[in-house]
Amino acid sequence: MGVILHVDMDAFYASVEAQRRGLEGEPLVVGVYSGRTEDSGAVSTCSYEAREIGIHAAMPIKTAKKKADNSDKEVSFVPMDKEYYDSFSDRIQEEILQERAEKIEKASIDEFYIELKTENYKQAENVAKEIQASIKEEFEVTCSIGVGPNKLVAKIASDRDKPEGLTKVKPEEVQEFMYGLEISDIHGIGDRTEEKLSERGIESVQELAEADPALLVREFGEKQGLKLREKARGEDDSEVEESQQKQVTRITTLEENSRNSSKIKQVFPELASDIIEKLEEENMDYGSVQLIVIDTEIQMHTRSTSLKTRVRNNETLKEKGEKLLEEFLEASNSTIRRVGLRASDLKKRKGQKSMEQFF
Ligand code: DGT
Ligand code: CA
């Protein structure tokens, strides 16, 4: 296995919103508003500048606003726009990370594991620096990266120095690195487990790494007991799993807001052929079609349908999209502002490549 990188975006939703609104370097809070009253809801995440005045994820918006009032800074509150962050994340993956990875796994909306071909840590560190610089230049947001011999160590390392950190742990440094942590720094060891360990006199990572396996097995069962000890030793043999569930989406804004299906459908041929072009490039077939509708209230609606077999064909995409549109308009009285199609449940086509790629 080559060296593993774990890339974790800094204050992700907040950084994306700051970039979008030209508010970089300022306190900004992304809220999930429940809509009951103007301020009901919770903080999804916030910029590091907002963290400095005591605001944090999951805090009620009301509390966050009080903190903002008590500081001398101007704090921006913006609503969460998950779809936008999703496509931002996909673009970072497609435009920056993919080409540098031997294998890549999207672990969450803002976290990626990358397996490199190289076994050389200096080279791996350079790739990490390059990724940080490119993301900053192309997308105007930052990330922290951990470099290590496996996913476990790389992930913990990416957390050590945030924002814009780069932490490298070579195989011969793993023990020292792990022993410098608290048990709670190790991902996947929860509060309950930590408590149980503490009851058994195991309070440090070193104590866990050197614990009697028989005792751990007795307490936590064979599988989990041994796993805990391995984690404390920084051992992890899990693979970087290339995600198969990719999708290709194209959305467009209508010339004018509409509920007229034959008018709306006019944009489908172009959306479909853009999607098919991308699938050609990737040599992939799709097994599911989605319609995406954004109404005049900026609400997003989706409808989807699965196919019996995977295909890569323009007509099916268009026809399924049209059918979903008819159904949507029948069931809803929204007026449509933007419309999109998505091909998902994708799979690489086996066998020969398309003629175009062949030549
Ligand atoms: P970081 O990694 O400490 O620099 O900060 P974030 O904001 O990137 O935090 P992370 O990596 O734990 O989560 C990634 C994104 O997931 C974050 O930007 C917003 C979202 N998120 C995290 N926690 C919550 C939460 O409690 N509620 C909601 N709605 N979203 C959350
Ligand atoms: Ca993050």
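# A calcium site and its surroundings, question by question

User: How are the donor residues of the calcium ion (ligand 2) spaced in sequence?

Analyst: The spacing is D-M-x100-D. This is a predicted model, in which local features need pLDDT of at least 70 and side-chain atom pairs count only at pLDDT 80 or more, while totals for chains, interfaces and linings use all residues. Residues are numbered from 1 along each chain as its sequence is written, chains are lettered from A and ligands numbered from 1 in the order written, and side-chain values use heavy atoms, without hydrogens and water.

User: What makes an atom a donor to the calcium ion (ligand 2), and which residues supply them?

Analyst: A donor is an N, O or S atom within 2.8 Å of the metal, or within 3.2 Å for Na, K and Ca; water is not among the atoms, so sites may look incomplete. Here Asp8 (OD), Met9 (O) and Asp110 (OD) coordinate the ion at 2.2 to 2.3 Å, so they meet the limit for Ca.

User: Why is this site called octahedral?

Analyst: Six donors count as octahedral if opposite donors are over 155 degrees apart and all others between 65 and 115; four are square planar by those angle limits, four are tetrahedral with all angles between 85 and 135, and anything else is irregular. The calcium ion (ligand 2) has six donor atoms with angles of 80 to 171°, and its site is therefore classed as octahedral. For comparison, the ideal angles for six octahedral donors are 90 or 180 degrees.

User: What makes Met9 and Asp110 a pair that ties parts of the chain together?

Analyst: Met9 is in strand E1 (residues 4-9), whereas Asp110 is in the loop between strand E5 (103-108) and strand E6 (111-115), so the two link parts 101 residues apart in sequence. Helices (H or I, at least four residues) and strands (E, at least two) are DSSP runs numbered from the N terminus. Both Met9 and Asp110 are buried.

User: How do you know whether Ala11 is buried or exposed?

Analyst: Buried means under 20% relative accessible area, exposed over 50%, and partly exposed lies in between (1.4 Å probe, protein chains only). Ala11 has 6% relative accessibility, so it counts as buried. Its place is in the loop between E1 and helix H1.

User: Which residues come nearest to ligand 1?

Analyst: A residue is near a molecule or strand if one of its heavy atoms lies within 4 Å of it. There are 13 residues around ligand 1, and Ala11, Ser44, Thr45, Tyr48 and Arg51 come nearest.

User: What makes the pairing of Thr45 with ligand 1 a polar contact?

Analyst: A polar contact is a pair of N or O atoms within 3.5 Å; within protein, one must be able to donate a hydrogen and the other to accept it, and residues adjacent in sequence count only if both atoms are side-chain atoms. A polar side-chain atom of Thr45 is 2.6 Å from an oxygen atom of ligand 1, so the pair qualifies. Polar backbone atoms of Ala11, at 2.8 Å, and Phe12, at 3.0 Å, also face oxygen atoms of ligand 1.

User: How much of ligand 1 does the protein bury, and which elements give two or more residues to its shell?

Analyst: Alone, ligand 1 exposes 600 Å², and the protein buries 66% of that (Shrake-Rupley method, 1.4 Å probe; for residues, only the protein chains shown count as cover). The elements are E1, helix H1 (12-21), strand E3 (41-46) and helix H2 (48-51).

User: Is Ile298 buried or exposed?

Analyst: Ile298 has 57% relative accessibility, so it counts as exposed. It is found in the loop between E10 and strand E11 (300-311).

User: What is the state of Glu111, and which side chain does it contact?

Analyst: Glu111, in strand E6, has a relative accessible area of 13%, so it is buried. Its side chain joins that of Ser108 in a polar contact of 3.2 Å.

User: How many helices and strands does the protein chain have?

Analyst: The protein chain comes to 15 helices and 13 strands, and buried residues make up 44% of its 359 residues.
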